[in-house]
Amino acid sequence: QTALKTPRYALLHWTPDAIWKYHYMFLGRREEVYELHSDPGERRDRQFTMDPALLQFLREETAARRAR
């Protein structure tokens, strides 16, 4: 968890061809997903165009880490 005004969790996940960064913001329960290899400035949210199974994995992994 970060100390920003909007509390959020971030998770990095590496695949053979990409580095994914998943953000979960508590306020509004917002999500953002970036592919850092092709978008290092985090300007294009990929959650609506990425593999749904990978998005679900990122959600579940983040929830599991929050529960620890």
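Start with helix 1, which lies across strand 1, strand 2 and strand 3 and runs at about 130° to strand 1. Axes here are lines fitted to C-alpha atoms, for helices over the stretch in contact, with angles from 0 to 180 degrees between N-to-C directions. Helices (H or I, at least four residues) and strands (E, at least two) are DSSP runs, numbered from the N terminus. Keep in mind that this is a predicted model: local features need pLDDT of at least 70, side-chain atom pairs count only at pLDDT 80 or more, and totals for chains, interfaces and linings use all residues. Residues are numbered from 1 along each chain as its sequence is written, and side-chain values use heavy atoms, with hydrogens and water left out.

Three strands make an open sheet in the order 1-2-3, with antiparallel pairing; two strands count as paired if DSSP finds at least two bridges between them. At the edges sit strand 1 (8–15) and strand 3 (30–35), each pairing on one side only. From one strand to the next, the twist averages 15°. Strand 1 and strand 2 run antiparallel and are joined by eight bridges. If you want a spot to look at, find alanine 10, which stands opposite histidine 23 in strand 2.

Next comes the nonpolar core, meaning a set of buried Ala, Val, Leu, Ile, Met, Phe, Trp, Tyr and Cys residues joined through side-chain atoms within 4.5 Å. Buried is under 20% relative accessible area, exposed is over 50%, and partly exposed is in between (1.4 Å probe, protein chains only). The largest such core has ten residues: Leu11, Ala18, Trp20, Tyr22, Tyr24, Val33, Met50, Leu54, Leu55 and Leu58. Strand 2 (18–25) and helix 1 (52–67) each supply at least two of its residues, and strand 2 gives the most, with four. In soluble globular proteins, nonpolar side chains tend to be buried together. Take leucine 54 as one member of the core: leaving aside residues up to four places away in sequence, leucine 54 touches His13 and Trp20, where contact means heavy atoms within 4.5 Å.

Then there are the charges. A search of the whole structure turns up four salt bridges, each a side-chain nitrogen of Lys or Arg within 4 Å of a carboxyl oxygen of Asp or Glu. One of them joins lysine 21 to glutamate 42, with the closest N and O atoms 3.0 Å apart. This pair links distant parts of the chain, since lysine 21 is in strand 2 and glutamate 42 is in the loop between strand 3 and helix 1, 21 residues apart. Glutamate 42 counts as partly exposed, at 26% relative accessibility.

Over in strand 3 you'll find glutamate 32, which forms a salt bridge with arginine 30, the closest N and O atoms being 2.5 Å apart. Glutamate 32 is buried, with a relative accessible area of 14%, whereas arginine 30 is partly exposed at 44%. Not counting residues up to four places away in sequence, glutamate 32 touches Lys21, Tyr22, His23, Met25, Asp45 and Gln47.

Glutamate 61 is partly exposed at 22%, and arginine 65 is partly exposed at 42%.
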